Amino acid sequence: MAFLSDTLGRVKPSPTIAVTTKAAQLKAEGRDVIGLGAGEPDFDTPANIREAGKRAIDAGKTRYTAVDGVPELKAAICAKFLRENGLTYTPAQVSVGTGGKQILYNALMATCNPGDEVIIPAPYWVSYPDMVLLAGGTPVPVICGIETEFKLTPDQLEAAITPKTKWFIFNSPSNPTGAGYTRAELKALTDVLMRHPHVWVMSDDMYEHLVFDDFEFCTPAEVEPGLYDRTLTCNGVSKAYAMTGWRIGYAAGPVALIKAMGTIQSQSTSNPCSISQYAALEALSGPQEFLADWRRVFQGRRDLVVSMLNQAKGIRCPKPEGAFYVYPDISGCIGKATPAGTVITNDEVFATALLEETGVAVVFGAAFGVSPNFRISYATSDAVLREACTRIQRFCAALV
Ligand SMILES: Cc1ncc(COP(=O)(O)O)c(C=O)c1O
């Protein structure tokens, strides 16, 4: 009898975590490494939110809570959806979990049966396909290339839908490309979905607050109210409020789905951390002004990175609308060799050689389903980004 489960055999460990680990290992060996792999803001959690966490501890909010969130936080989440997205939800339609990740996982576990298909536009966040596989479903990646700025077209969505499609996962702005769908682009997709009433929509709005220039964030249930009854609108405090370690994510949708997600959570992790829930309550209902300052900082970094990468030989880097990632195309580097003699046959070889020969850690595109590319997380200082991009420029210039 095999000790490990067949389920485990269907999934792989997160490649983004693997890159971060490798970079940390080289650093520990004394190498000069710049890690651009991790997907988290470099800012500290704002003081008012940290204080709310401390107050929660001192007030004894340290016991089990309701499995899918305390009533005060659920009320704040309903207020957030109304205020920022024009969406009306009741607390019974809200689930709070241990990060956005658990929310998405619960939803897939609660709904996927063998044979159920889940449409995932690629490049995708690395966890979507593996979570679908863990849940017993079948991921259906749809390749969205640089020619559409990594965005899914209505024709592609239409062609991917079958009678077995259960979910369409939508993520804007996107990890790993930063691409954001305009209202018109999203409406064109929701028009397709309106013709297929059996398809549910899982909207991952994790990067809602990280949008640049005059880009306006929008979400499917708001753009097409006809989808409200089959949409799970997912979000969290990790990225917007620099709270990745606090582990709070949430979603709102139809009561039956929310109840089912609560059942999965009740038999696995129970409630998300009580202290973090009160910190998240402060994040969602406290001052929001700092978000605009953070956006300005991220926008400056995006402009710096896009400009410097486009000056690197063989690299093409579109300018994304949001998040803190860029996803440059490296077609112009494929087939060339580094001074150390490594032939760049694909983006994984590129990323490995870049790390070993220049100390810059990026995540290779194959991990996100579209190649040849790599992802940079620019959630670090201008000085570090300038140095990293200079090294990338030198690395590319030396390829022959
Ligand atoms: C698109 C996307 N969704 C969800 C998550 C999960 O966020 P959390 O840290 O809240 O679990 C991430 C984190 O990287 C993400 O990039």
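A residue is called buried if 20 or more other C-beta atoms lie within 10 Å of its own, exposed if 12 or fewer do, and partly exposed in between, with the C-beta atoms placed from the backbone. Keep that rule in mind as we walk through this structure. The model is predicted, so local features need pLDDT of at least 70 and side-chain atom pairs count only at pLDDT 80 or more, while totals for chains, interfaces and linings use all residues. Residues are numbered from 1 along each chain as its sequence is written.

S2 pairs with strand S8 (residues 249-252) in the antiparallel sense over 4 bridges; two strands pair if DSSP finds at least two bridges between them. Within S8, Ala 252 is the bridge partner of Val 94.

Now step back to the whole chain. There are 14 helices and 12 strands in it, and 50% of its 400 residues count as buried. The C-alpha atoms fill a box of roughly 60 × 55 × 50 Å along the principal axes. Two residues are in contact if their C-beta atoms, placed from the backbone, lie within 7 Å. Among contacts with a separation of 6 or more, 72% come from residues 24 or more positions apart.

The chain is assigned two domains: domain 1 (6-44 + 290-397) and domain 2 (60-285). These bounds come from an automatic or database domain assignment. The C-alpha centres of the two domains lie 26 Å apart, and the contact takes 34 residues from domain 1 and 32 residues from domain 2. On the side of domain 1 that touches domain 2, helix H2 (15-28), helix H12 (290-310) and strand S9 (325-326) each supply at least two residues. H12 gives the most, with 5 residues.

S9 also belongs to an open, antiparallel sheet of 3 strands in the order S9-S12-S11. S9 and strand S11 (363-364) stand at the edges with a single partner strand each, so one side of each has no neighbour in the sheet. S11 pairs with strand S12 (residues 374-377) over 2 bridges, and Val 363 stands opposite Arg 375 in S12.

What surrounds the ligand? Of the 13 residues around the ligand, Gly 99, Gly 100, Lys 101, Asn 175 and Ser 238 come nearest; a residue is near a molecule if its C-beta atom, placed from the backbone, lies within 6 Å of it. Helix H5 (residues 99-111) gives the most to this shell, with 3 residues.

Finally, find Asp 205 in the loop between strand S6 (200-204) and helix H9 (220-223). Is Asp 205 buried or exposed? Asp 205 counts as buried because it has 23 C-beta neighbours inside 10 Å. Leaving aside neighbours within four places in sequence, Asp 205 is in contact with Thr 219, Thr 233, Cys 234 and Asn 235. The C-alpha atoms of Asp 205 and Val 370 are separated by 21 Å.
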